[in-house]
Amino acid sequence: MREIHSVLRCRQLLRSHRRFYGLAASKQMKNAAEGRPKKIKFFVGSQRSNVEALKREKHLENSPGWIEAFCSQKENDLFVRVDTDFIRDQFNLHGLSNEVLDYHGSLRDILETYRGYFDEEAQKLYGLIHRRYILSTKGLEAMARKFKHEEFEKCPRSCCEDQTCLPVGLSDDPGVSTVRFFCPRCEDVFDPIAVQHRSVDGAYFGPTFAHLLLLTHPMEIKPCVKHPSSSGYVPRIFGFKIHKPSASSDDMEVA
Ligand SMILES: [Zn+2]
């Protein structure tokens, strides 16, 4: 327990240090703008470091938001941008404060300007929020657009004819398994082919999303009869198995 508190304290100090340099520069810029250059206070210790702090502050003014910067990374191309209104609604974040260290600092990072680094806990928090967001109407729409634009990996089976797959997680718990891809034609799951996806946590997509998307966005997908699922994967929505009511109907039901 003491060890966890020490780690948490170190993280908070690191964040404070980074913010201090930014705040010092802001005060100097404000004084300069008011025509009071003689009253400038040097918070950092030397003129050179103050100039560097001003440069950093100027750079931050032109920086994108954390979410935009995160989603622009090559290894994060499976994620959609979570609406900040969704993140600011505490109801949507219920229980997540127990999942990450320095929850409030991580949340502040996500909602602020990108400062040139991605804190590990902030990334984890964003991933867990993302899993919830893509089950919402807006999140499903955003992921459906990525699916339609074929931005996810393709099924490796030849009979599926380059069918675009959907990212799935085998568990809602982070750290259990990396992301997999579900093919709607052969209804099987595959490990990522792209190297940048092999370390993405499956919990950031979860077991429900892919099947909820197919249920709420019916599409004409010809099944691959040559290769029925061989991995033993069972599609589920909120923990419930999915089955097709009859051979003549393609509509899925949750049982
Ligand atoms: Zn397939």
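Glu 161 lies in the loop between H7 and E1. Helices and strands here are DSSP runs, numbered from the N terminus, with at least four residues (H or I) for a helix and at least two (E) for a strand. Glu 161 has a positive phi of about 50 degrees, although it is not a glycine. With a relative accessible area of 57%, Glu 161 is exposed. Glu 187 is found in the loop between E2 and E3. Its relative accessibility is 34%, so Glu 187 counts as partly exposed.

The model is predicted: local features need pLDDT of at least 70, side-chain atom pairs count only at pLDDT 80 or more, and totals for chains, interfaces and linings use all residues. Residues are numbered from 1 along each chain as its sequence is written, and side-chain values use heavy atoms, with hydrogens and water left out. The pLDDT is the predictor's confidence in each residue, from 0 to 100. The protein averages a pLDDT of 81. A score of at least 70 is reached by 70% of the residues. Over residues 20-44 the pLDDT stays under 50. For this stretch the model has 29 contacts beyond four places in sequence. A contact means heavy atoms within 4.5 Å.

The protein has 8 helices and 6 strands. Along the sequence they follow the pattern α-α-α-α-α-α-α-β-β-β-α-β-β-β. The protein has 255 residues, and 42% of them are buried. Among contacts with a separation of 6 or more, 64% join residues 24 or more positions apart.

Cys 155 lies in the loop between H7 and E1, and Cys 186 in the loop between E2 and strand E3 (189-190), so the pair ties together parts that are 31 residues apart in sequence. Both Cys 155 and Cys 186 are buried.

Another cysteine, Cys 224, sits in the loop between H8 and E4. At 7% relative accessibility, Cys 224 counts as buried. Beyond four places in sequence, Cys 224 touches Cys 159, Cys 160, Arg 185 and Cys 186. Cys 224 and Pro 184 are 40 residues apart in sequence, yet their C-alpha atoms are 9.0 Å apart in space. Val 189 is found in strand E3. Val 189 is buried, with a relative accessible area of 17%. From Val 189 to Leu 170 the C-alpha distance is 9.8 Å, across 19 residues of sequence.

The largest nonpolar core holds 57 residues. Such a core is a set of buried Ala, Val, Leu, Ile, Met, Phe, Trp, Tyr and Cys residues joined through side-chain atoms within 4.5 Å. Tyr 126, Ile 129 and Phe 205 touch the most other members. Helix H6 (residues 120-133) gives the largest share, 6 residues. The core draws at least three residues from each of domain 1 (2-133) and domain 2 (151-254). These bounds come from an automatic or database domain assignment. Leaving out residues up to four places away, Ile 129 touches Val 82, Phe 86, Ile 87, Leu 93, Leu 96 and Leu 107. Phe 86 is also in contact with Asn 92, as is Arg 132. Asn 92 lies in the loop between helix H4 (84-88) and helix H5 (103-111). Asn 92 is buried, with a relative accessible area of 16%.

Helix H8 (residues 209-216) has 6 of its 8 residues buried, so it is largely enclosed by the rest of the structure. The buried residues are Phe 209, Ala 210, His 211, Leu 212, Leu 213 and Leu 214. Their cover includes helix H7 (137-148), strand E1 (166-168), strand E2 (180-182), strand E4 (236-237) and strand E5 (240-243).

Methods. Buried < 20%, exposed > 50% of the residue type's maximum accessible area, 1.4 Å probe, protein only.
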